[in-house]
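Welcome! Take a look at the model first.

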Amino acid sequence: MNRIIECVPNYSEGRDPAVIDAIVSAIGSVPGVQVLHVDRGEAANRTVVTFAGAPEAVVEAAFRGSATAQERIDMRLHHGTHPRTGAIDVLPLVPVSGVTLAECAAMARRLAERMFRELGIPCFCYEAAAYRPERQNLAVCRIGEYEGLQARMADPDKRPDFCGGWDERAARSGASNVGARNFLIAVNFNLNTTSAELATEIACDVRQKGRKGPDGRWIPGLLKGCKAIGWYIEEYGIAQVSMNVTDIQATPLHVAYETVCRAAAARGLRVTGTEIIGLVPRCVLVDAGRHFLGADADEATLVQTAVQAMHLDDLKPFDPQKKVIEYLLKETI
């Protein structure tokens, strides 16, 4: 089995095709790296690029993409709906085959150190690469977002793991969150409303963190291993529950979908469709197909059942051959 890792950086630019093309070109310039998918979101002003290959090549490609993003993106001018701390907001390494999560964590730490040393980009290390236990949670690294970064960098207890002072380069790039994790599903559930407030209420109902009760204590949500927020997407003219499913064994996609549907119905709303951001492992759609079909079948039937049942093509066409990791990597693994 070949040693393969995946990298899924999120860049704080979704509106200028020239910037995105330059970043993708830099990533693809490394021999042995396969760019699998580019998911550009204009409303969130954010682009997710997925690429894979041998570990050393992927790490080099991640660095080159970061260098180009630093040159082309000025965070002082950035506005978007998604939480972010920098031009390269998150940069996770994901084991695919022949590589452990611990190995990816070690690579992520070295990459973060190099990004600061050579490019001057402050870096937090998160999830499996975290130096501090609390920074295993990406939300902790993002506290205050870009706008609060200068104050955090002046605090020894809150500053990034790799950083200097607040200079021109730091102000331009913001801070990157570099880490290692297993596969997660980034998914938006479309609602038949324009109310971001209602979407947020549903997100609080379902996410593991839940919401604060009247006494200030947190009341857990319904779904383990899920983070969620609500927002309005002008690009589509709808509100969405935007979710990261970080534990796909604890909460399969079809369980998340049905739970959000019930939470929406309890508030007089409907989920009209599902938007998967980036790529998903094959098992996610196969398991969902079995659930909705109520029986086993050939893989193509199960995948198509999942697409139809969760309305994955509600906002744009959904082609499994371009959205399933294993289908794109079938000649590599």
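A residue is called buried under 20% relative accessible area, exposed over 50% and partly exposed in between, using a 1.4 Å probe and protein chains only. This is a predicted model, where local features need pLDDT of at least 70, side-chain atom pairs count only at pLDDT 80 or more, and totals for chains, interfaces and linings use all residues. Residues are numbered from 1 along each chain as its sequence is written, and side-chain values use heavy atoms, leaving out hydrogens and water.

**Cysteines**
- A disulfide is a covalent bond between the sulfur atoms of two cysteines.
- With a disulfide taken as a pair of cysteine sulfur atoms within 2.5 Å, searching the whole structure gives 0 disulfides.
- For C163, the closest cysteine sulfur belongs to C123 and lies 9.7 Å away, too far for a bond.
- C163 is also buried, at a relative accessible area of 13%.
- C204 is in no disulfide either, as its nearest cysteine sulfur, in C226, is 14 Å away.
- C204 has 10% relative accessibility and counts as buried.

**Two helices**
- Helices here are DSSP runs (H or I, at least four residues), numbered from the N terminus.
- The axes (lines fitted to C-alpha atoms over the stretch in contact, with angles from 0 to 180 degrees between N-to-C directions) of α1 (residues 17-28) and α2 (residues 55-72) come within 7 Å and cross at roughly 155°.
- Therefore α1 and α2 are roughly antiparallel, a term for angles over 145 degrees.
- Residues in contact (heavy atoms within 4.5 Å) include A22 and I23 of α1 and G65 and T68 of α2.

Technical notes
Parallel < 35°, antiparallel > 145°, perpendicular 65-115°, else oblique.
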